[in-house]
Every structure is written in C-alpha cells, then in structure tokens.
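Here is a friendly note to read alongside the model on your screen. Please keep the structure open as you go, and look up each residue when it comes up.

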Amino acid sequence: MVTWELHHSMSDPDEDDILGIFSLIFWGLTLIGLVKYAFIVLHADDFGEGGTFAVYSLLCRHLNLGQISGSHQIDDCPSTYRPKGTVQRFARRLLEKNQSVQRILIIFVMIGTSMVIGDGVLNPAISVLSAIQGIQSRNPQMSTDIVVVISALILIILFLMQKHGTSKVGFVFSPIMVTWFLFTGIVGAYDICVYYPKVFKGLSPHYIFHFFAKNQRLGWTMFGAVFLSLTGLEAMFADLGHFNKKSIQLGFTVVVYPALVITYAGQAAYLIKHPEDISDAFYKSTPKALFWPMFMVSTLASIVTSQGMITAAFSIIRQSIALDCFPPVKIVHTSKLQEGQIYSPEVNYSLMVVCLTILLGFRSQEQIGNAYGVVVIWVMIMTTFLVALVMIVIWNTHILLVLAFLVVFGFIEGVFMVAAMDKVSKGGWVPFGIAALLLVIMLSWYYGRQKQHSYEIENRVSVDTLSTILSTTRIPRPQGICFFYTSHTHDLPPILLHYIKTVNSLHQVVIMVTIKLFPVKTIPLEERFVGGKIGPRGIYRCLVQYGYVDELCREGEEFVNGVIGSLKPHIPILGFQETMDNGKNSTSKEICIHDLEVIDRTENCKVVFVMGKPTLRTSKKSMWIDRMVIDNLYRFLERNSRSSLDSLNIPPSSFLQLGMFYEI
C-alpha cells in the first residue's frame, strides 16, 4: 500500500520536511530497488528461483560447501566459473576448506530465510487491512470491527484459492497491477500539477541533509519509517520463481518504478499544501470522483500483493527442503509451464492461521505497521553479502566493483537497520518471534540431518564388504527382485547390511533405486532410468530422474520394466579379469552373462519394495546439545513431518519398511 507512515513522529511538517522525506524515498527506490535488485540481485538466481536460499543454492552448485545432497554440484562448464584472481581463489578456498565458515554461512542463510517468512506473514494482513480501512476516511462512523471482519474474510478466501495455483488466477494479476499503477500515477500527476508543480526539486540529495540537520533525532526516527516504502523488494526477489526474470526487470523499470516515483511525488505535493492530512495522505490526495474506483483497485492490488508474499513463502520453503534445511512438506506443482509455481497445503494453512491471528490481535494498520518491515532490512543486508560472494567466486567480478557494491548498499541498509530498531519494542518483535521459531525448526532439522549423514558416511558399506559377506556366508538368495530405495548414489547405506542380518536373506536381484527431481520441465523417457552394476553378483543400481511436470509413477509394470531395462545395456561392459566363482576360475564376461540370465528369469517375478527408516538416538557419551536437539526437537519434527512414503504409491502387499537405530 503506497502511503506515508510518519504522522506519529511529525505532527506539523513544513515544505522542506516533506521534500526531504520524498528525497529519501526516491533515492531509496532508485539505489536499492532499481540498481541493486532489478539490475544486480535478480541475476543471482538458481534455476529461476530467487531469495536467500536460492543464492546459497547457487553457491552450492558451484562450490563444494559440504551439503548433504550431491545434486547441487555445478552442471555447467567448470571453466566458466574458474577463479581468475588471487581474491577469488582465496575466497573459494576459504569456503570449500573451512567447515566453520560453511556452518556460519548456512546459519546466516537460515536466519535470513526465517526473517523473510516471519515478516512476510504480516504482509497479507497489513496490505488488505490498509486497503479496507480506506472506507473509514470517507465514512468515519464505520467501526473498526467491521473493517477487521471484512479483511479477515478476504484473507480466508485468498488462502483458500491457493490450491488452484497462481497459474489459474494469475492472468488477472497483471491487469490489476497495471491498473493500480496507472491509477496511482494519474492521481500523482494530478496532485503535482494542482498542488505543487515544483515538487521534483526534492530529488536533489541536499534536501536529505537539510532534513536531518533540522530534525536530528526526530529525523532519525522517521528515517526508519521511510524504509516501509522498500519492503516489497526482497519479496520481489524471493518470488522470482513464479514469474519471468526479464518480465520482472522490465515491469519494475518501465511501470513500477516510474509510477511509485510519481505517486510519492504527488503525495508530497499534496502534503505541502495540506500537512495536516499526513496520517492518510493516499486517500486524502485522491480526487473525490476517483475515490471508489481507487478503493476497488487498491483492494484488488492488496490481494495481489498478498498473493506474491504467499507464493514467495512456498518457494522459500521448497528451497529449504531441497537443501535439507526444513522438514518435508507436500509440494504440488500448479503449472506445467513454470517450475516455480507451486503450492503447499501445510505452509498455506499455517500462514492463514498466523495472518488471521495477527489481524485479530493488532486490529489496526498503525500497530501492524510498527511490526511490518523491521526484519526485512536485515534480510536485505544478508542478500547484499551473499550476492557479493556470488560476484567474487562465480561471476569473477573485479574486486573494486565488489567492494563498491558492499560499501554503498551495506552503508545505506545499515543506516536503515539502525533507524528501524526503535520499532522492535512497538510491535516489531512479532516478526522476530516468528523468525526465531522458524530458525529453531530449521537448525534442529539441519543438525539432525547432518548427524544422520555423518553416521551413514562413517558406517557406509563398501562393495568389497558386501562381496565378502555374500561369498563367505550362506545367505539364501531367493528368486525375485527387490527394489531397495536409498538416497545414496554412490556408497551403500548401512541399513542394507542391517536388512541382510535381520531378514537373513537377499533376493537374487537387488536394485538400489535412487529417485531425483530436477528443476527442468521434463526428463525424456530414454534418459529417465540410468542403471548399472555395483559389484557383487545380482546387486545393481538405478537412478530414476524426473522433471517437475513428469508424473511420479514409482510402482507398476511401466516403472519396473524401465528400471530393469536400464540395467541390461550396462552389464556387459566389464573387462576380462580372472575371478573366483564357487572355487572355479571364470571371467567377468561369464559373470555378466550369468547376471543377464538371472534378470531375464526374474523379470516376471513379484517385485518387493523395501525402504529403510533410520532413527537417530543419542548414547550416554553424547553431548548435552545432541541429547536436547536430537532426542527432542529433531525426533519430534521427524515424527510429524510428511513421510517420503506418501508419494511412492506402493501397494502395501509389496512393501516392506525396515527400521534401524543410528546411535550417535
């Protein structure tokens, strides 16, 4: 909502005060909105996704940052990203070799992400409420209760529509926002012409210095309120996955930025003549003939703005899950054209409950405004730092340009941050509280997943160990095929050895199946199944690859035939080495022929699907932090998060789940 949130700090501003505030807003929009975000930060995307986790994911794909998932390594030409200078090489070496730096970096990113979501849940509440409260400017007799009820109903309808996807209703968003900016631009131009045509002299930065010299401490307090005009910029970046990067850049440069400048200039021109209306400059500066059309467009625009923040939250959570920093939730793709258009029912309804709680608890734009926007400036500073890392280690930007980027934007945002901190005691603690809760969840989940990953690395089963067990023990090998689901693409998980010892048998054909989702529209059928032989007789591996619009059919004849069919072309590629087979010398070629015969015989047999379910638990030697986090927080999150079994569609009669304790 385009408005001035300064009336509680300044009761009777004069012309120079208004021009100083307008100059602050203009240069903030120009430097941070236009230069930083539209022309620099939007380029730091990860497969079209934006936000702090997207920047971190981009770094993970080009650097070895010790992430659990191996799918984030670079898939482009490595020479393109090879560091060219001493600083670049030093930064790359520091990030890849120092585990403490890696931990600090991921915690830094988690804090930023939590803050975006924490502040974002306030956005729908304040956007809708500020639009509906416009009625009270023309009808003061209307009670606040009615305004709050109307706002709550609009929010409920908005959240219930999310399951249909942005793509289903997105066709009306652009016309609404274009109409909104057209209306505000026309009203702004009208106010400039009627009230103060010389308002653009306020673009001169000297009005900013004069403003602070005159108002001193009071001016510093109002400086934090000015930042509210910039709060949507980080959301624009976080919501990049739902829109096209070039369209955002073009729309912001050609439509949004000029319209905002003219709108704020028009309000400044109006307030120079009517300083007493600073509490409601937006609607008071609108001509009476345009009030109701403006009210309708403002309400629709507030809904679209809220939609943008909600979908940004979906994207942020999805990115967090992809990097194993958030418990799994259900993710539904709502568009076959854009990978970033997603929906999560758990996230959606959680946001709805929190937004309604805030709306009913604060009940006024003024109180929510004190809470809104406080933590976004922290996220902006974090984004500045992360993009600077991208500029150094990926873009190979000259170090002087990187320093200029850090100094200019770091200084501006740092000043905004200090000025906005006085709002923490006036309601600004709310987004910090939400962010703290999310941070506890993310850190607990990440810590537990790291511990589980470390255990699996330390106790992984080598091919030689498995070969020795199968050759020296009389483990029955009944006919049939076993699909053993695992996230490992290289080593064998320790739960496989646990399965052999527990069941005391191993199917004649065991296929270690790993399913990977890639940020591309579709994977061709001929590339979907990538199979090969692991080592011991009858043990194979298959990587199953899906794009975001591919139907995840993980059971049935088509899936089974695809997995088995991917193995045959890869088996006969072994050389001719002497091996031992039941005490007799044979060659690898003979073993390969035997393997193919086994697969041919078992193709028509019943397939058993096996999934391991490891459970972390601490030992008596564990540190107190492990007992507190693993035994309480992580285990609670694991029990209440969405299981990966929900999307497998495996018939119960063919499924076996095997539990195992990982004692750390």
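A residue is called buried when its relative accessible area is under 20%, exposed when that area is over 50%, and partly exposed in between, using a 1.4 Å probe and protein chains only. This is a predicted model, where local features need pLDDT of at least 70 and side-chain atom pairs count only at pLDDT 80 or more, while totals for chains, interfaces and linings use all residues. Residues are numbered from 1 along each chain as its sequence is written, and side-chain values use heavy atoms, with hydrogens and water left out.

1. **A salt bridge with a buried partner.** Asp-277 and Lys-284 form a salt bridge, with their closest N and O atoms 3.8 Å apart. The term stands for a side-chain nitrogen of Lys or Arg within 4 Å of a carboxyl oxygen of Asp or Glu. Asp-277 counts as buried because its relative accessible area is 13%, whereas Lys-284 is partly exposed at 35%.

2. How many salt bridges does the whole structure hold? The search finds 10. One of them joins Arg-92 to Glu-96, with the closest N and O atoms 3.9 Å apart. Both residues sit in helix H3 (residues 86–97), 4 residues apart, which is about one turn of the helix. Helices (H or I, at least four residues) and strands (E, at least two) are DSSP runs, numbered from the N terminus. Arg-92 has a relative accessible area of 17% and is therefore buried, while Glu-96 is partly exposed at 26%.

3. Now find Lys-214 and Asp-14, whose side chains meet in a salt bridge of 2.2 Å, N to O. This pair links distant parts of the chain: Lys-214 belongs to helix H10 (residues 206–215) and Asp-14 to the segment before helix H1 (15–39), 200 residues apart. Lys-214 counts as partly exposed because its relative accessibility is 40%, and Asp-14, at 32%, is partly exposed too. Together with Asp-17, these two residues are linked in a network of salt bridges.

4. **A nonpolar patch on the surface.** Val-149, Leu-153, Ile-156, Leu-160 and Tyr-349 make up a nonpolar surface patch with about 410 Å² of accessible area together. Patches are made of residues with over 30% relative accessible area and no salt bridge, where like charges are joined within 9 Å and nonpolar side chains (Val, Leu, Ile, Met, Phe, Trp, Tyr) within 5 Å. The areas come from the Shrake-Rupley method with a 1.4 Å probe, and for residues only the protein chains shown count as cover. Which helix gives the largest share of the patch? Helix H7 (residues 144–160) does, with 4 residues. Val-149 is in this helix, and its 47% relative accessibility is why it counts as partly exposed.

5. **Cavities.** Rolling a probe the size of a water molecule over the atoms shows where empty space is left. Helix H9 (173–195) and helix H13 (245–273) each supply at least two lining residues, and H9 gives the most, with 4.

6. **Positive phi values.** Most residues other than glycine have a negative phi. Asn-396, in the loop between helix H18 (376–393) and helix H19 (399–420), has a positive phi near 55 degrees. Asn-504 has a positive phi of about 60 degrees and lies in the loop between helix H22 (494–503) and strand E4 (509–517).

7. Ser-302 and Val-128 are 174 residues apart in sequence, yet their C-alpha atoms are 5.3 Å apart. Ser-302 is in helix H15 (residues 291–322) and is buried, with a relative accessible area of 5%.
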